[in-house]
Amino acid sequence: IGGMPAPDRKWPWQVSLQINNEHVCGGSLIAPQWVLTAAHCIFGFEEYTVRMGSTLLLPQSGMVIPVRDIVCHSFYDVRTLINDIALVLLAHSVNYSAFIQPVCLPEKNFEAETGTRCWVTGWGRQMEDVKVLPEILQETDQILLRHTLCNKKLQAHLGYRRTLVRKGMICGYHEDLKSPCKGDSGGPLVCEFNDTWVQVGIVSWGIACGRSELPIVYTEVSMYKDWIIDHIIKVSSCASAGFLILSLSLVLPLGLLVALKSPSLQPCASSPGGILVLVILSLLCVATVSPWHTVPEACGQPWWPKNLDLSRHWPWEVSLRVGNEHVCGGALIDLKWVVTAAHCIQGSKDPLSYSVKMGVQSLLENGTERQVARITIHEDFTNLSQDLALLKLRDSVSWSPLIQPVCLPNPKLKPSFGSLCWMIGWGKVDIHANPQSPYSLQEVAVKIINNDICNQQYKFLFLTNQKKLLGNDMICATSHLGMDTCQSNSGNSLVCQMDNSWIQMGVVTWSFSCNRRHFPAVYTSTSYFTNWM
């Protein structure tokens with residue numbers, strides 16, 4: 001009540017606990033397969049799902065994951081609401097993205113001080129007597145009260161002598177009567193400490209919402225840190241080792257960083273239990289970056305479980321499609337953005353005519369497909385220059401071992417002549433091949449050559465008084481094996497590895513003819529357009 005709509009990606013751990021696609025309670029993602037909520041949100045043997053990855057409660061927003069199991073605190077008391085905490089085990093792990101990230105848990109027995117200003121979020125009622133829930137996630141700040149002060153305040157107002165607010169609870173209020181209400185139960189109360197968001201409380205109960213300065217009572221998460229870890233370990237111990245490794249591998253860049261930097265987490269080489277604790281703890285708190293940061297932290301660095309087929313080296317490569325047909329390649333550079341060649345959009349300019357398939361090695365695989373929402377073609381594009389376009393996807397992708405971004409170069413970065421790079425795509429492999437593009441992703445090693453040499457080789461294409469064909473917005477590359485780009489390779493990526501990261505240095509634009517040794521392929525130089533992008 002009294003809150004404001006929350007911006008996208010600000011609270012990426014917020015989830016909606018649902019029954020029959022109807023919001024019942026809030027919750028928070030604390031690990032790839034675990035959600036924290038309130039025990040009073042669990043009603044018998046209902047079939048629950050969890051919606052996450054969006055601030056909207058609309059049917060098509062975010063992603064919905066079935067619930068495999070629920071663990072309520074064994075000493076939860078429905079009368080006093082002591083131990084009002086529950087863990088929700090998802091049917092499968094989620095992939096972290098800018099829209100889906102875990103919140104950190106506080107250290108055991110950590111006590112947030114009275115007067116600390118924190119934030120609570122949820123889709124609860126905006127007026128106590130109005131049952132319609134908001135479609136957009138709401139946020140409001142709260143001032144913390146330790147349980148002893150909170151108990152005295154409630155006792156004085158109600159004229160009670162018995163204890164209402166006990167240890168294991170913490171309270172929050174707002175001077176302007178802003179507060180959680182029905183439907184916000186189970187949601188997170190988070191505070192920012194040292195640039196890290198930490199979940200201090202879980203929305204539990206209150207006397208009234210938005211009608212007085214009486215505080216709202218939250219379950220104090222730090223008091224249950226051991227309980228949370230113990231129950232996650234118990235459930236995880238029943239899973240196979242392979243499952244644990246796979247779950248961990250999806251957050252290795254962040255998870256291990258946290259685990260290894262923490263002096264209190266020392267893996268015991270002789271104890272499998274000790275290693276398991278390290279695995280679980282590394283999964284529990286990986287939000288060491290700002291919640292606005294895009295995950296994975298490093299572009300151009302493919303990561304995957306050890307048991308994954310290592311032939312998939314190019315997880316940013318996408319297929320631009322019209323209908324169900326591949327027309328061009330492209331590269332994923334962010335959660336919603338793909339870069340390709342402008343001449344790939346020579347037919348319809350209607351974004352709804354195009355879709356993008358990704359996460360596949362073969363075009364026959366299902367993969368992940370996203371509708372294009374907007375097309376931006378460089379304003380100076382002609383048939384031979386400024387050949388670049390950006391595609392904005394309607395829905396964000398989720399990073400996974402098969403879907404990751406490539407790096408964009410610094411505007412001043414130029415590949416050195418003779419350096420070895422790679423062209424990737426689904427284009428024709430031979431000028432005499434069947435017109436149908438190959439179904440499997442192709443790769444070819446190429447060497448960067450000087451534009452002056454390239455201009456000399458294409459001199460026969462010069463118009464009268466024309467001194468050069470290639471401008472600074474283009475780069476040239478050729479393969480010493482005679483293999484190179486063909487017509488259907490348009491939009492594909494030219495990537496070079498620098499400092500252990502793959503950087504997209506070019507976008508396939510044209511060549512005189514594929515597989516003819518003395519005619520190098522011409523690429524749009526991405527570094528020339530980095531600022532434009």
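1. Let's start with the overall layout: the protein chain carries six helices and 25 strands. Please keep in mind that this is a predicted model. Of the 533 residues in the protein chain, 55% are buried. The protein chain exposes about 23900 Å², and 54% of that comes from carbon and sulfur atoms.

2. On contacts, take pairs of residues in the protein chain that are at least 6 apart in sequence: 70% of these contacts join residues at least 24 apart.

3. Now to the rings, where the count comes to eight aromatic pairs. Trp 11 and Trp 197 form an edge-to-face pair, because their ring centres are 5.0 Å apart and their planes stand at 80 degrees. This pair links distant parts of the chain, 186 residues apart: Trp 11 is in the loop between β1 and β2, while Trp 197 belongs to strand β12. Both Trp 11 and Trp 197 are buried.

4. Trp 314 and Trp 502 are worth a look too: with ring centres 5.0 Å apart and planes at 80 degrees, they are also edge-to-face. Trp 314 sits in the loop between α5 and β14 and Trp 502 in strand β24, so the pair ties together parts that are 188 residues apart in sequence. Trp 314 counts as buried at 5% relative accessibility, and Trp 502 does at 13%.

5. One of its members, Trp 119, has Lys 10 over its face, at 5.0 Å from the ring centre. Elsewhere, the charged end of Arg 9 sits over the ring of Phe 99, 5.9 Å from its centre.

How values were computed
Residues are numbered from 1 along each chain as its sequence is written. This is a predicted model: local features need pLDDT of at least 70, side-chain atom pairs count only at pLDDT 80 or more; totals for chains, interfaces and linings use all residues. Side-chain values use heavy atoms; hydrogens and water are left out. Helices (H or I, at least four residues) and strands (E, at least two) are DSSP runs, numbered from the N terminus. Buried means under 20% relative accessible area, exposed over 50%, partly exposed in between (1.4 Å probe, protein chains only). Contact means heavy atoms within 4.5 Å. Accessible areas come from the Shrake-Rupley method with a 1.4 Å probe; for residues, only the protein chains shown count as cover. Rings of Phe, Tyr and Trp (its six-membered ring) pair if their centres lie within 6.5 Å; planes under 30 degrees apart count as stacked, over 60 as edge-to-face and the rest as tilted. A charge sits over a ring if NZ of Lys or CZ of Arg is within 6 Å of the ring centre and within 35 degrees of the ring normal.
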